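Please examine the model shown here, with attention to its aromatic rings and to one of its sheets.

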Amino acid sequence: MHDTVPLRFGIGQPVRRTEDPRLLRGRGRFVDDLAPREALHAVFVRSPHAHARIVSLDAGPARATPGVVAVVTGADLRAAGRGALPCRLSYTGDDGKPVRFPPRLALPHERARFVGEAVAMVVGETLAAARDGAEAVAIDWEPLDPVIGIAAARQAAPIHEGFPGNRVHRWQAGDAAATGRAFAAAAHTVSVPIRINRVSVAPLETRGALASWDGALGRWTLLAATQGTTEAHGELTRDALGVPPQGLRIVTPDVGGGFGMKNHAYPEHVALLHAAQMLGAPVRWQAERTEAFTADSAGRDHEITVELALDAEARITATRWTWTADLGAYCVGFGPAINTIGGPRIVVGPYTIPTFHVRSEGYLTTTAPIDAYRGAGKPEAAYALEVAVDAAAAAIGMDPAELRRRNLVPASAMPYRSATGQTYDSGDFAGVMERALELADRAGFAARRREAETRGMRRGLGFGVYVEPSGFRDNRVQVAFDRAGGVTVTLSAVSNGQPHETVFAQILHDRLGVPFERIRVVQGDSDVTGYASGTAGSRTLTVTGVGLWRCAEAIEAKGRKIAANLLEAAVEDIVAERGRFRIAGTDRAVGITEVAAAAWDPAMVPEDESLGLEAAAHPTQRVPNYPNGCHVAEVEIDPATGVVRLVRYTAVNDFGVVVNPLTLRGQVTGGIVQGVGQILLEDMVYDPETGQTATASFMDYALPRADDLPDIDWATVEIPCATNPLGVKGCGEAGCAGSLPATMNAVSDALRSAGVAADALPLPMPCTPERVWRALRGGA
C-alpha cells in the first residue's frame, strides 16, 4: 500500500492559514467566550494616584451593595498566605553582586505605585453589581510625590521600602580600556543622544482570566491568555500560591495578541484564584481598554547615547554606549534585562567593530511596569546603532551606504564571532543591503526628491541594516498517531496570532508525508504540554521545529521496525522516504498510515517497544540563530504642517529556509507596522506633575491604521541557518528591528535636506507634526 501524498502543503509552500476561517467568522474561542453562565464577575478597584499611601480601606459599603458576593483586599491575601510575584531574572551588577528586585504584591495594602494599580477586587453576581461594589469601596489616600521619568527617579526618595534608591541596577559589558584607546586614536567620533519612548502593547484582546477551584481534587484551573503556560504557572504555584505544580492547571485558548506582555503572571490572576477557592465558584474578569492602557506592562522607554569612533578610512573602530531604562514601578518578566543581558548583545550589529563598552542603568518610577515588547532590547539596539551610523555618515560627508559597505561583516567571514561574543553562523549582510537598495530604487530617489520639492514637500530616504539573536532556549513537542493515521501535535508554545496550526502541520507533512488535513495541533494546556518554554524570543519555529524534526526521526526509526514486520523483511533493509517505508532495491512498500495502524497490534510491534506510534522531544537550543535584513523607507514631509507621510517601504530579509512565505510576510509586516507606529504615532504620556496617564484610550493613543502605510515591497534571501536541521531563522521580532531605524533615518534625511541642524537629529519618538514643524523652524 502506498499512501504518500503530493507535498503541495510542504515546506516552502504559501499555504493559507488554517486558523483563519474560524477566526474570521467569529468562531474563535477566547477567554471571555468560554466562561460558564454561572460564573461570578470580578471588577478591580484601581489607584487613581501615581503614588499614594493607603491610609484606610473600608470594604463594608461594597459588601453591602446588592449583588456583591465578596470583596478581596491586600490584607485578605496576606492573611491567606498569598505571596508576591517576584522577578526571577538572574544577572550580576557591576559591583559583582546579584541584582535585587522589589517584590510585587497582588493587591498592595500599604502603598500604590502607579495609576491603575489594583488595590482591591469586588466579586458580584453580575458585572453591573461588581462595578457598583467597586465604586462603593471607600479608600482614604495620602498622595505622595509621583516619580515620572529617569531624571526624576535619580533624585526622588525610594518608592520601595528596603531599597536605598530607585536605581535597580548598574551594569556594564565590554572592554572599557580598549574602547577608550580606540576613541583617543580616532580620526572621527560621533555621539548621538537617543530617546526611545514608551509604547502601549495594545493587543486586540485585552487581558482576561477565568479562575475555578475543584474542592474534590484540591486544585485550581485558570483559563488565561498567555504566550505559554509555563512561566505564569511557575510564578503562581511557586511564589504567589505556594502550592506544588500539580495544584494548578492553566489552559490558554485562542489569544488575541501578546507581543511579550502576556508571557508572565499578573496580580489579577492571584486575586481571581483566591476568590474562586474562597467562594467555591468560578470567577471571571476581562479588562476594559482603559484598564489595559493603565495596568498592562508597557514596552521600550529608554535613553541611550551611542558613540562611534572611526579611523581615516571610515572604519568603525569602537562603539561606546550609555543605556538607561525606565522600568516602571516594579521589575517584571524580562523588563530589567532589556538593557543588560538583552539588547547589549548586539551593540556592534552586523559590523566588524572590534571593541565596545556598554554601561547600563535601570530605574524605578511610578508608572506601569515595563516588560518585553516584540524584540526586548534587540530592536532598540538596532535602532540606536543604525541612527548613529547615519549620523556618522552625515558628519564625515559620506554616503551612508558606502559607510556600511566598509564595515559590514563580509559573507566570506562566516561563521563570524562578534566583539560581543555572538557567533553569526550564516548571512550576507552586504548582499542583502544591496538587494534592498536596488529593490527600493535608491538610484532614482534624487528625481523623486526633486519632484516632491516642486509640490512644496520634503522627501527623505532612510534605511537600516540589522542582525539579531533569535530562537534559543527550549520548547516541548509531542507527535502521536491514532489508529486511523491521524496525527496530534502537542506544543508547549502558544499561538497569540502566529500560524502554529498551519506551519507545524506543514513541517510534519513535509517530513513524514502525513496528509496535511489530518494533522491537528494542540497547545495551551499545562496538564498536556508539561513544563517547557512558550512563545517568545522568535523561538517557536526554530526550537519547536527542531523538536518536531526529532520526533519525526524517532517515528521513522520505530516505523521501520513495524514496516519490516509487515513486509517480512529485515529492519536493515527498510528505507524511510517521507512516510513511505520501502524494501531497498524493490518497489515493495507500506505507507505511514498502515504502519500507524499496525503499531497498535502487539504482533507487529517489537517486544521492547510500546504500542502506538508516537514520540516526544524537549530540545534546548543553546545557541541563537541570526535573522538579518535591510529595510528602506521613504517619507514626505509637509513643511506647512509638519505631517509626515510614509510613501514607500521596502524590506529584504534573510530568515534562512522559509517554511511558508505567505505567513512569514504577515508576521514581518506586523512587526514593521509596530515599528513605524512607534516612530510616527505612538506614545504613552504621563503628566509629570500628577503621574496621570494622558493616553489611556484610543482617542488619545494613536495606533497605525491601514492608510498610514503604503504597500510593502518585499523579498527574501534564503541562506540556511547552520545551527538547526531545518535551516530556519526567527522572524517574529525582525520587523521592528528593521522599521524603527529605516523610518527614523528617512525622517532625518528629509529634515537634513531642509537645513535642520545635525544636533537636532534624530527627533524624539514619535515624530509628531508639532515636533517636525518646530524642527523645521529651528526648534522655535
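Rings of Phe, Tyr and Trp, the last represented by its six-membered ring, count as a pair if their centres lie within 6.5 Å. In this predicted model, the structure holds 11 aromatic pairs. One of them is formed by phenylalanine 9 and phenylalanine 516: the ring centres are 4.6 Å apart and the planes meet at 10 degrees, so the pair is stacked. Phenylalanine 9 belongs to the segment before helix H1 (20–24), whereas phenylalanine 516 belongs to the loop between H15 and S22; the pair therefore ties together parts that are 507 residues apart in sequence. Phenylalanine 516 has a relative accessible area of 8% and is buried.

Elsewhere, ring pairs link Tyr416, Tyr424, Phe429 and Tyr626 into a cluster. Rings also meet charged groups. Arginine 207 lies over the face of tyrosine 266, at 3.8 Å from the ring centre, and the charged end of arginine 320 sits over the ring of phenylalanine 183, 4.0 Å from its centre.

The loop that carries phenylalanine 516 leads from H15 to S22, and S22 is part of an open sheet of four strands with mixed pairing, in the order S22-S21-S20-S26. Strands S22 (519–523) and S26 (614–617) each have a single partner strand and stand at the edges, so one side of each lacks a neighbour in the sheet. On average, neighbouring strands of this sheet are turned by 15 degrees against each other, direction ignored. Strand S20 (residues 477–481) and S26 run antiparallel and are joined by four bridges; alanine 480 stands opposite glutamate 614 in S26. Helix H15 (residues 500–512) lies across S20, strand S21 (487–491) and S22, and runs at about 135 degrees to S22.

Notes:
Residues are numbered from 1 along each chain as its sequence is written. This is a predicted model: local features need pLDDT of at least 70, side-chain atom pairs count only at pLDDT 80 or more; totals for chains, interfaces and linings use all residues. Side-chain values use heavy atoms; hydrogens and water are left out. Two strands pair if DSSP finds at least two bridges between them. Helices (H or I, at least four residues) and strands (E, at least two) are DSSP runs, numbered from the N terminus. Axes are lines fitted to C-alpha atoms, for helices over the stretch in contact, and angles run from 0 to 180 degrees between N-to-C directions. Contact means heavy atoms within 4.5 Å. Rings of Phe, Tyr and Trp (its six-membered ring) pair if their centres lie within 6.5 Å; planes under 30 degrees apart count as stacked, over 60 as edge-to-face and the rest as tilted. Buried means under 20% relative accessible area, exposed over 50%, partly exposed in between (1.4 Å probe, protein chains only). A charge sits over a ring if NZ of Lys or CZ of Arg is within 6 Å of the ring centre and within 35 degrees of the ring normal.
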